[in-house]
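Please consult the sequence and the structure shown here while reading.

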Amino acid sequence: MRHTSPLPAYDRTRDLPGLIAVWPAELVDTSEEGRRRLIAKLRRALRAERRRGLMGHWTYDLARHAQLLVAFEAEYALACAGDGGSDVRFAVRRTPSRRLR
């Protein structure tokens, strides 16, 4: 038996305007540079949402965090598929983990 998700598939024009501030021209821009800018915006939004969650801030929204992650992963996968995954790695730059004292 196949598991089907109750959530609809990711749709850039439907999902992104509710998550981050984007202009209509940015939604239809599928060029390599346009995708890089969009991935960078999503990465910044994810970082801010993660920070709010770790701090226990009252504005943190788990559903928004999950939607941002789905959007980021979808855009990243499309960017990697579009140019062979060559130069899109900047979007998932990892920072060294810090130990809590």
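The text below describes the helix and then its charged pairs.

The model is predicted: local features need pLDDT of at least 70 and side-chain atom pairs pLDDT 80 or more, whereas totals for chains, interfaces and linings use all residues. Residues are numbered from 1 along each chain as its sequence is written, and side-chain values use heavy atoms, without hydrogens and water.

Helices are DSSP runs of H or I with at least four residues, numbered from the N terminus. Helix α3 covers residues 32-55. Its 24 residues, at 1.5 Å a residue, should span 34 Å, and the 35 Å between its end C-alpha atoms agrees with this; the expected span is 1.5 Å times one less than the number of residues. After α3 comes G56, with a positive phi near 70°.

Buried residues (under 20% relative accessible area; exposed over 50%, partly exposed in between; 1.4 Å probe, protein chains only) of α3 include L38, L42 and L46.

A salt bridge places a side-chain nitrogen of Lys or Arg within 4 Å of a carboxyl oxygen of Asp or Glu.

K41 in α3 and E26 in helix α2 (residues 24-28) are 15 residues apart and link distant parts of the chain. R36 and E32 lie four residues apart within α3, about one turn. E49 and R52, also both in α3, are three residues apart; E49 is buried at 1%, whereas R52 is partly exposed at 25%. Salt bridges also join R12, R35 and E75 in a network.

Definitions and conventions
Helix = DSSP H or I, 4+ residues; strand = E, 2+ residues; numbered from the N terminus.
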